[in-house]
Amino acid sequence: MIRHIVLFTWTDAATDEQKETVTAELRKLPGVIPQLRSYTVGADAGINQGNHDYGVVADFDSVEDYLVYRDHPQHQAVIAQHIKPILAMRAAVQLSL
């Protein structure tokens with residue numbers, strides 16, 4: 001199994017509406033990318049200072065399934081249209097479980 005974890009920090013200019021749109025658009029992806037086994041997205045709970053603002057955790061059966069997700073046109077559109085315009089910083093890791 002492959003677990004993909006992504007953390008975002010938004011720009012200071014990012015609006016609540018833009019952030020909500022990121023969540024809404026990302027939550028559509030499991031319906032169009034069947035390779036996603038588990039998919040959790042959302043804003044940081046605000047418990048610890050210094051955290052990133054947002055996280056995505058996605059599980060896949062194989063590296064090939066992850067690559068389908070990574071390169072999927074709808075996923076790439078969400079990144080280009082909704083994430084990159086408000087993105088200040090990104091961190092990611094793929095774990096083999």
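This is a predicted model: local features need pLDDT of at least 70, side-chain atom pairs count only at pLDDT 80 or more; totals for chains, interfaces and linings use all residues.

Q: Is Met1 buried or exposed, or in between?

A: The general idea is to compare the relative accessible area with the cut-offs, where under 20% is buried and over 50% is exposed. Met1 has a relative accessible area of 40%, so this residue counts as partly exposed.

Q: How many aromatic pairs does a search of the whole structure find?

A: The search of the whole structure finds six aromatic pairs. One of them is formed by Trp10 and Tyr54, a tilted pair with 5.6 Å centre to centre and 50 degrees between the planes. This pair links distant parts of the chain, since Trp10 belongs to strand E1 (residues 2-10) and Tyr54 to strand E3 (residues 54-60), 44 residues apart. Both Trp10 and Tyr54 are buried.

Q: Why is the pair of Phe60 and Tyr69 tilted?

A: Planes under 30 degrees apart count as stacked and over 60 as edge-to-face, the rest being tilted. The planes of Phe60 and Tyr69 are at 45 degrees, with the ring centres 5.2 Å apart, so this pair is tilted. Phe60 counts as buried because its relative accessibility is 0%, and Tyr69 is buried as well, with a relative accessible area of 2%.

Q: Which residues form one aromatic cluster?

A: Phe60 and Tyr69 form one aromatic cluster together with Tyr39 and Tyr66.

Methods. Residues are numbered from 1 along each chain as its sequence is written. Side-chain values use heavy atoms; hydrogens and water are left out. Rings of Phe, Tyr and Trp (its six-membered ring) pair if their centres lie within 6.5 Å; planes under 30 degrees apart count as stacked, over 60 as edge-to-face and the rest as tilted. Helices (H or I, at least four residues) and strands (E, at least two) are DSSP runs, numbered from the N terminus. Buried means under 20% relative accessible area, exposed over 50%, partly exposed in between (1.4 Å probe, protein chains only).
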